[in-house]
Amino acid sequence: MTFEVYIHVPFCMRRCGYCDFNTYTARDLGEGASRGNYARMAVREMELVRAWQAAHDIREQKAATVFFGGGTPTILPAADLVAMLDAVRRIWGIEPDAEITTEANPDTVDANYIKRLADGGFTRISFGMQSAVPHVLATLDRRHTPANVEAGLRAADACGLRSSVDLIYGAPGESLEDWRTSVRTAIDLGVHHVSAYALTIAPHTKMGRMIAAGDLPQPSDDDEAAKYEIADEAFADAGLHWYEISNWARPGYESRHNLGYWRNVDWAGIGPGAHSHYRLDREAAGVASCSLESGAGDNPKSKDLGADDAVARHDDAGFRKTAAAAPGTSSISVATGTVGLRAWDIAHPRAWAHAINAGTVPWGGCEGITAQEDREETLMLGLRLREGFDTSRFAGIIPDEGWVSLQSEGLVTLVPGSRAGQGCIAVPTLRGRLLNDLIIEHLFDYL
């Protein structure tokens, strides 16, 4: 089973108005959860997680990919990112041809910073471009310029790093021509990989409140669909082909880390709010009844955290839940017969760091994944990919007519499998990508 490591860096210089991620602008959140000490805390969590894996007979391969996300990983010194990467190599090992990626805010890196990453073992960098249009960037509370993005990409090229840009479409006030400008700019930069995501509005964010108050227009589903089609056609014409609903790449430049998520592989999530995933269809029966020592009785008392600390209401709530737990060991049973395990780190960095200081894996909770849930997740994730879903995997569960009806509605194309034992491969059409939820709802009726 492929194994990946995700490292969440929760710090940002400022919080963008649309952002609903677990991020914080304060430099020091207490208990050692500071920018200056973050790498050391993350390494300590890796050691605790590895000890937990060993205790439950979870034997992972060397990491095939490592991904630093945020937040803004590059708000930390390059040496800190390299130190965390070195720890992954020491604790789990890293495959010789591993993909090592960090997300980057274009304002936080320069040529020297990127060279230090390359010298330290990074192979890929993903720049948060979001848009090439100044008024759209302003709406998104982004302060970088397209020139900064290009400078970062050229520095990455000079160091031999693969690069990608992230785009967001559907921002209030963004016209179709604005979006065409952003797509053309990304193509003209010469990148080999682009991620493009529809803007999601969370009610508690600054943008969500402004939309609710009528100060900004509500994004339109039809507008976002039109922009998706514009991007898909332009990227394809430029040799960037979709391989996952929100991702396009030249052949061989796909994000292996993200493909791992869609293929439902194992990964360890490190950092506040990070999620982990383990499949148990191997010699790991001992994890069927796991216990999580929360050390919650020693956690600091909940209090009003302040604007810099509790920037997202769900983070504050997660901190209170952790702090209020009963003293001692919090046992979370995973029933025998489950096929996987999902766990999530405590969201607030201070409570997360407190658990690490107490010598416990800083999970906020975990749950078993039943065979039914695993089928649902495998189907839902697999049908986002251009490589398609092998219908024979659910032979006897989803009848042929279930797939044929989707093809007749123009939502999937059924292609004969190329390997022995394969059935037809169901590949989402452009319409199926836009209406992917309908595909999943239809097939879930059979599960």
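Asp-390 sits opposite Ile-425 of strand 15. The model is a predicted one, in which local features need pLDDT of at least 70 and side-chain atom pairs count only at pLDDT 80 or more, while totals for chains, interfaces and linings use all residues. Residues are numbered from 1 along each chain as its sequence is written, and side-chain values use heavy atoms, with hydrogens and water left out.

Strand 15 has two partners here. Strand 13 (residues 389–390) runs antiparallel to strand 15 over two bridges, and strand 14 (residues 412–416) is likewise antiparallel to strand 15, over five bridges (two strands pair if DSSP finds at least two bridges between them; strands are DSSP runs of E, at least two residues, and helices are runs of H or I, at least four, both numbered from the N terminus). Pro-416 faces Cys-424 in strand 15. Strand 15 (residues 424–428) is largely enclosed by the rest of the structure, because four of its five residues are buried (buried is under 20% relative accessible area, exposed over 50%, partly exposed in between, with a 1.4 Å probe and protein chains only).

On to the aromatics: the count comes to 13 aromatic pairs (rings of Phe, Tyr and Trp, the last by its six-membered ring, with centres within 6.5 Å; planes under 30 degrees apart are stacked, over 60 edge-to-face, the rest tilted). Tyr-38 and Trp-352 are a stacked pair, since their ring centres are 5.4 Å apart and their planes at 25°. With Tyr-38 in helix 1 (residues 38–55) and Trp-352 in helix 11 (residues 349–357), this pair ties together parts 314 residues apart in sequence. Tyr-38 is buried at 1% relative accessibility, and Trp-352 is buried at 0%. Phe-68 and Phe-122 make a tilted pair, 5.3 Å centre to centre with 45° between the planes. Here too distant parts of the chain are linked: Phe-68 belongs to strand 2 (residues 63–70) and Phe-122 to the loop between helix 3 (111–119) and strand 4 (124–130), 54 residues apart. Both Phe-68 and Phe-122 are buried. Ring pairs also join Phe-11, Tyr-38 and Trp-352 into a cluster.

Arg-162 lies over the face of Tyr-253, 4.1 Å from the ring centre, and the charged end of Arg-384 is over the ring of Trp-262, 4.8 Å from its centre (the rule asks for NZ of Lys or CZ of Arg within 6 Å of the ring centre and within 35 degrees of the ring normal).

Finally, helix 14 (residues 430–434) includes Leu-434, which counts as partly exposed at 32% relative accessibility.
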